[in-house]
Amino acid sequence: MKTRIISLSVLFVIACLMAGSVSAYVLLSPRRTWDSDPNVRVDSRGQSTITDGDLGRSRTRNAIVSSNAWNGSGAGTVVNATVASVAGWRLGDGIPMLNFRDPEGVCGGNCLAATFTGFFTQRSNGTFRIFDADIVTSTGRNWASAGEACSGTEFFIEGVMVHEVGHLLGLGHSNVSGATMFPTVSTCNNGPASTAADDEAAIRDLY
Amino acid sequence: MKRLLIAVLLFALAAAPMAASTFVAMRTPELIADSQAAVQGQVLKVHSFWSPSGRIVVTEALVRVEETIFGDAPSIVRVQTFGGNVDGFIVEADGFPKFEAGQRMVLFLSPEKDGVARVTGYQFGQFHVQRDKAGVEFAVPALDLGTNVVTKDGKPFARPQAVRLDTFKDRVRETARRSGRIEN
């Protein structure tokens, strides 16, 4: 009888945990964080299909560090970004970069942006430290920024990149529709550029 | 009860997502239009290495072709994807096709240079062949939960479902026939 009660209790706890993961944010597994706020280098060349007069670089950078995104989650500053050269782009070099090009031909066809993670080590206390993550961008797609009209076949660079930076910070996908980390978005929808309560709870959990 | 507990735990672990990339949804007609061939095959061997530039990890799989569903393909296909593990240096690249020796799968293949192919549409063009308890084979979409999907038409994206393998291949052939990729 005692074993049965314990087993049922364990099942109940697991069911609650799983129900939580179905209806809310999810962290990357294993759970991992940066030691200090990462400074993402945003490609100074910009994205050539963006016609906001700045090729999208400043708006992308500003969206990443905006108080409407990760830094407004209530955990203080969790990410910085600087418009700079990404000439030395390389996975695993410890410098997080957002490349507006695709230097290795990784992201063609139906790929819009690719984020490579996996660079983490275990700290002495058993938690995991992220030491690099990099983003590349398809040059075969038409992008728009919030500083211009969206044509209907374009994708907003801010929304996609704030989502990708969420992964860079250690977040997985949320099943909450309307969250930045929700895994589906359509053309001309820049909603993911502003985080939702669910995204903010995830960041507060991590940082 | 113990079996049930283990099953629930395994499911919970399997449901844990990884990092992601963003892809435009592709459906079968688009996969066919962009592919040189679609094949059913078995993965013989997989190995990962740094690209010649030293900037990214590449994984190459050798796939023995059991059946060409449409198009032209050699008896053994070399397929490359990104991400992998080189001497413990792991690059996670979710949304990109993944291979393990022994797996059977259906692949839509895009030609690449030097005799190396890529999977059309990344994970959209990869389906695992799995058998149920009754021995019926299914084509199970490889698309994982870590993939961020955007739609071109503004409609919600419905994740593809497993289909009986024979039915799936018949549909692919029929679509390929209608689009002139298979002659009557």
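Modeller: A crossing is right-handed if the near helix is turned clockwise from the far one by less than a right angle, and left-handed if anticlockwise. This is a predicted model, and in it the crossing of H2(A) and H3(A) is right-handed.

Colleague: Which residues make that contact?

Modeller: On the H2(A) side they are Arg59(A), Thr60(A), Ala63(A) and Ile64(A). H3(A) contributes Ile157(A), Glu158(A), Met161(A), Val162(A) and Val165(A). Sorted by class, the contact has six nonpolar, one polar and two charged residues.

Colleague: At roughly what angle do the axes of H2(A) and H3(A) cross?

Modeller: They cross at roughly 45° and come within 9 Å. Angles under 35 degrees count as roughly parallel and 65 to 115 as roughly perpendicular, and H2(A) and H3(A) are therefore oblique to each other.

Colleague: How many residues of H2(A) are buried?

Modeller: For burial, one counts neighbours: a residue is buried if 20 or more other C-beta atoms lie within 10 Å of its own. Helix H2(A), residues 57–65, has seven of its nine residues buried, so it is largely enclosed by the rest of the structure. Those buried are Arg57(A), Arg59(A), Thr60(A), Arg61(A), Ala63(A), Ile64(A) and Val65(A).

Colleague: What covers the buried residues of H2(A)?

Modeller: The cover includes H3 together with strands S2 (39–43) and S3 (80–84), all of chain A.

Colleague: And H3(A), is it mostly covered or mostly open?

Modeller: Mostly covered, with 13 of its 13 residues buried. H3(A) spans residues 157–169 and reaches 18 Å from first C-alpha to last, close to the 18 Å expected at 1.5 Å a residue. Just after this helix, Gly170(A) takes a positive phi of about 115°.

Colleague: Where do these helices sit in the chain as a whole?

Modeller: Chain A has four helices and nine strands. Read from the N terminus, its elements run α-β-β-α-β-β-β-β-β-β-α-β-α. Of its 207 residues, 46% count as buried. Among contacts in chain A with a separation of 6 or more, 68% are between residues 24 or more positions apart.

Colleague: How many helices and strands are there in chain B?

Modeller: Chain B has three helices and twelve strands. Of its 184 residues, 38% count as buried. For contacts in chain B between residues at least 6 apart in sequence, 64% join residues at least 24 apart.

How values were computed: Residues numbered from 1 in each chain as written. Chains lettered and ligands numbered in written order. Predicted model: local features only at pLDDT ≥ 70, side-chain atom pairs only at ≥ 80, totals over all residues. Helix = DSSP H or I, 4+ residues; strand = E, 2+ residues; numbered from the N terminus. Expected span 1.5 Å × (residues − 1). Buried ≥ 20, exposed ≤ 12 C-beta atoms within 10 Å, placed from the backbone. Contact = placed C-beta atoms within 7 Å. Axes fitted to C-alpha atoms, helices over the stretch in contact; angles between N-to-C directions. Parallel < 35°, antiparallel > 145°, perpendicular 65-115°, else oblique. Nonpolar A, V, L, I, M, F, W, Y, C, P; charged D, E, K, R; others polar.
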